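Thanks for coming. I will take the interface between the chains, then the pocket, then the cavity.

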Amino acid sequence: MTITEKILAAHAGKQEVKPGELINARVDLVLGNDITAPVAIKEFARIGVDKVFDPEAIALVPDHFTPNKDIKSAEQAKMVREFAKKYGIVHYFEVGKMGIEHCLLPEQGLVGPGDLVIGADSHTCTYGALGAFSTGVGSTDMAAGMALGEVWLKVPPSIRFHYYGTLPPWVGGKDLILYTIGRIGVDGALYSAMEFTGETVAALTMDDRFTMANMAIEAGAKNGIFPVDEKTLAYIDGRLKRPHKVYASDPEAEYAKEYEFDVSRLEPQVALPHLPENARPVSEITDVRIDQVVIGSCTNGRMKDLREAAQLLKGRRVHPEVRLIVIPGTQEIYLQALKEGLITDFIEAGGVVSTPTCGPCLGGYMGILAHGERAVATTNRNFVGRMGHPESEVYLAGPAVAAASAVKGRIAHPEEVSGNGA
Amino acid sequence: MVLKGRTWRFGDDIDTDVIIPARYLNTSDPKELAAHCMEDADPEFARQVRPGDIVVAGNNFGCGSSREHAPLAIKAAGISCVVAATFARIFYRNALNIGLPILECPAAAGEIKAGEELEINLEEGKIINTTTGKVYQAAPFPKFMRELIAAGGLIPYVRSRLNC
Ligand code: SF4
């Protein structure tokens, strides 16, 4: 069996599961945010139970429109707050403690290897970086999960992505996943598990792995998952408060498909509007002028991302016609960036730094694009209207390309700013 | 259940930001959501859609976010069924969970045009294009999903589970 199949079997109380099989599985954690939880709360009321299955196994993170941007979103956040209070939800994260959910949960030690997590947010697949099975569901699923502690799932077939070669400077997890989606398309892993393996992946930092697992949904996948190694164990050490179990794919595990990529010459990637699959090497599109750069989100709002961006921005100036918006993923990341002087670097370069929020990533607030405007963003979706006006454009890239582009005022290779090499 | 309606045609990879843009997600009121349904793909849709109309689309319908607001907006707009070549998985489960009928049928999705009249037998997965006379067969749902649909969605299903 694959790692995905083993985790699902264990949570369904079975020796074995096969792709296509429908199972009822026990969940270790149920997640919701300020957009999806209100719908789930209404559905939960319709079920008519007077308690949640486990007040410690639910995480509520108001992150999309908080600190609230308008009256309506404030009402939604209030509804989540009151629900958390009424049902004694332990992991409710108020403004001041909150961060972008998928940066926050692993950081706070709420997810570990071998877990089964469902979240009413499509990027819940992020925790696959820890060797957990985690997948996005809808609000009704979240309501049912909060009541029962169970979820119905179809066991996905697994697709293996094997990467080899040492990554060139300025190339990271974001480039690997954009390149991969570019190769297989936005439905290239529909209904499937994406399993990432190989020496390149083993050499990646945890932050890079979170970035890759995060975007599995952008290929239509149910989950993205990494093998657990010493880096994973070092990451959870001191964070995870629950026992965990390490699963690994059997050598003879069956895959629906296998891909092998030699990435030793991979260039930084940029996905052109309006689909993440439109990935190109950055050098092919350096003539695209831009109005805004956003560095943040559940994809690239972690320490490695901020350090990389600051490395390029320190002592330089953001292009006069570009607005740079930097959003650390969580309060802890914000504070660490502050201690390391990164925040000073961003502000001195002419950027703004926001408190953790999803904000512009989904066209919510804090950096909405006007008609005809173009942004380079380290986020995960460049759909029509995603960051504002239906006739604005989003180019997806990693933090290094985003920072270099902010300096140049057009899409740029990091080496154009740093000089050759890192 | 037999559904009858006129079709609205959309292409591949219709994402949830097109179905209901995030700028309207500060509410979960189905009526308000319906008023902006498909706005960025076809600004006329919300104004001209009639109860019972059917959406026909290509591959990967509903890709992107997990927002249940997407199937809710479509349902509240009066759409009786969505026929697509394939659905993105979260949209697929959300539609079943909230009781929005959907059918996966690449042949029908490939041929049916905007404004044609369809007759759909949900249990049998049969799609009749009464404008052209062509008949299509969608793959039937597995037993568990038929039970879910028969129960009226996930909430009634969970309620029955908790009572026993
Ligand atoms: S940062 Fe963007 S993609 Fe991530 S959870 Fe927030 S809105 Fe969704």
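**Interface, pocket and cavity**

Between chain B and chain A there are 4 salt bridges, each defined as a side-chain nitrogen of Lys or Arg within 4 Å of a carboxyl oxygen of Asp or Glu. One salt bridge joins the side chains of Glu150(A) and Arg161(B), at 3.1 Å from N to O.

Some conventions before I go on. This is a predicted model, where local features need pLDDT of at least 70 and side-chain atom pairs count only at pLDDT 80 or more, while totals for chains, interfaces and linings use all residues. Residues are numbered from 1 along each chain as its sequence is written, chains are lettered from A and ligands numbered from 1 in the order in which they are written, and side-chain values use heavy atoms, with hydrogens and water left out.

Back to the interface. In contact, meaning heavy atoms within 4.5 Å, are 45 residues of chain B and 51 residues of chain A. The two chains bury about 3,900 Å² between them, 58% of it on carbon and sulfur atoms; that is accessible area (1.4 Å probe) lost on being put together, summed over both parts. Asn26(B), Arg89(B) and Arg93(B) supply 19% of the area that chain B buries against chain A, more than any other three residues.

Next, the pocket. The largest pocket has a volume of about 360 Å³. On a 1 Å grid over the protein atoms alone, a pocket is an open set of points with protein on both sides within 12 Å along at least five of seven lines, whereas a cavity is a set where a 1.4 Å probe fits but cannot get out; lining residues have an atom within 4 Å of a point. Grid points are joined across faces, edges and corners, and a volume is the space filled by probe spheres set on the points.

Last, the cavities. The whole structure holds 5 cavities of 30 Å³ or more, and the largest cavity has a volume of about 210 Å³. Its lining has 22 residues, with His64(A), Asp121(A), His123(A), Leu362(A) and Arg386(A) nearest the centre. Helix H4 (101–107) and helix H10 (297–300) of chain A each supply at least two residues of that lining.

Methods. Helix = DSSP H or I, 4+ residues; strand = E, 2+ residues; numbered from the N terminus.
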